[in-house]
Amino acid sequence: MKRARDYKRLASERMFTKFGKLAGATAIYGAVYGAVIMAALIVYTLNLITKGVFASIATMQMYLDETVNSPVYMISFEVIILLIGAVLSTLAVGIQHMCLKCARKEEVKFSDLLYVIKNNPDKVIIIYIIEQLLMILFALPANLISIYTDVENNIAMFILSYVLLFASYIADIIIATLFSQALFLYIDNPSEKTLSCIEMSVQVMKKHIGKYVILLISFIPLYILASLSFGLFLIWVIPYKNTTLALFYMQLKGELGDGQNVEGA
């Protein structure tokens, strides 16, 4: 396999002439994402207003006491976030499709952003939901301890909760890595069964977890710079990252012409 810097160098070369369309598509996605989140916040705020939560400090404190450690509230919040993410994933994978075409030196069009919407969007949503549910499941022990135990006054529970929380982060990384090729496999064959895409991704990525994680870590400095630019720099970072990951996928399939095909990919 190539090193992280090799994929990134090749990605920057191949997206050079197509950056305008990739950046435009990313900006559109960002605008839609922002609009959906803003709409959700407005609906949530209006709901609180109608309940009289903002009537006084006392009512606000009472509401916080009732919801912060409420399983019903936590589950409702997770479900809403899951559904919003599932819908938005259709556009996010459209950008992945554009970046895969860019990595393959194919023509990129703005209409490619709607690729998923035109090709079995339910499969992308299902892959996203399965991945997120697994992550929620691994985070459940830490959340249950924080809700049902007095963590602040019990040092043993406090330590255990942080150990379990750290373990859930590790599990999230592993799950995301194992699922990482499922969407690229879907892009290449939208008629493929959803579980087959997941199964093939897991089978291939079991051998390459370390390499993939190192590749992701190499983008951390760029995301830090993006945060300093109030997110504006993301219109370059996101296509750059997706094109790099598309090249990683292509090498797994033996498309880069160096004879390093991964068995089963």
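Helices, in what follows, are DSSP runs of H or I with at least four residues, and strands are runs of E with at least two. The model is predicted.

**Exercise 1. The fold in outline**

Task: State how many helices and strands the chain has, and describe its extent and burial.

Solution. 
Step 1. Count the elements. The chain has 12 helices and zero strands.
Step 2. Read them in order. From the N terminus on, the run is α-α-α-α-α-α-α-α-α-α-α-α.
Step 3. Box the C-alpha atoms along the principal axes. The box is roughly 65 × 40 × 40 Å.
Step 4. Check burial. The chain has 265 residues, and 37% of them count as buried.
Step 5. Check contact range. Take the contacts with a separation of 6 or more; residues 24 or more positions apart account for 71% of them.

**Exercise 2. The setting of T90**

Task: Decide whether T90 is buried or exposed, and list what it touches.

Solution. 
Step 1. T90 belongs to helix α4, residues 71-103.
Step 2. Apply the cut-off. Buried means under 20% relative accessible area. T90 has 9% relative accessibility, so it counts as buried.
Step 3. Look at the polar side-chain atom. A polar atom of the T90 side chain lies 2.6 Å from the backbone oxygen of V87.
Step 4. Leave out residues up to four places away in sequence. T90 then touches L113, V116, I117, P121, V124 and I125.

**Exercise 3. Aromatic pairs**

Task: Classify the ring pair of Y212 and F248.

Solution. 
Step 1. Search the whole structure. Nine aromatic pairs turn up.
Step 2. Take the geometry of this pair. The ring centres of Y212 and F248 are 5.4 Å apart, and the planes meet at 65 degrees.
Step 3. Compare with the cut-off. Planes over 60 degrees apart count as edge-to-face. The pair of Y212 and F248 is therefore edge-to-face.
Step 4. Locate the partners. Y212 is in helix α10 (residues 209-217) and F248 in helix α12 (residues 234-252). They are 36 residues apart, and the pair links distant parts of the chain.
Step 5. Look at another aromatic group. F219, F233, W236 and Y240 form one cluster. The charged end of K8 sits over the ring of F219, 4.7 Å from the ring centre.

**Exercise 4. The largest pocket**

Task: Find which helix gives the most to the lining of the largest pocket.

Solution. 
Step 1. Take the volume. The largest pocket has about 1200 Å³.
Step 2. Take the lining. It consists of 36 residues, and those closest to the pocket centre are A92, Q96, E131, K241 and N242.
Step 3. List the helices that supply at least two residues each. They are α2, α4, α6, α7, α8, α10, α11 and α12.
Step 4. Pick the main contributor. Helix α4 gives the most, with nine residues.

**Exercise 5. Positive phi**

Task: Describe the phi values and the exposure of K105 and F230.

Solution. 
Step 1. Recall the background. Most residues other than glycine have a negative phi.
Step 2. Take K105. Its phi is near 65 degrees, a positive value in a residue other than glycine. K105 lies in the loop between α4 and α5. Its relative accessible area is 59%, so K105 is exposed.
Step 3. Take F230. This residue is not a glycine, yet its phi is positive, about 60 degrees. F230 lies in the loop between α11 and α12. Its relative accessible area is 81%, so F230 is exposed.

How values were computed: Residues numbered from 1 in each chain as written. Predicted model: local features only at pLDDT ≥ 70, side-chain atom pairs only at ≥ 80, totals over all residues. Heavy atoms only, no water. Buried < 20%, exposed > 50% of the residue type's maximum accessible area, 1.4 Å probe, protein only. Polar contact = N/O pair within 3.5 Å; in protein donor to acceptor, adjacent residues only side chain to side chain. Contact = heavy atoms within 4.5 Å. Phe/Tyr/Trp six-rings, centres within 6.5 Å; stacked < 30°, edge-to-face > 60°. Lys NZ or Arg CZ within 6 Å of the ring centre and 35° of its normal. 1 Å grid on protein atoms, 1.4 Å probe; cavity = no way out; pocket = protein on both sides within 12 Å on 5 of 7 lines; lining within 4 Å. Points joined across faces, edges and corners; volume = space filled by probe spheres on them.
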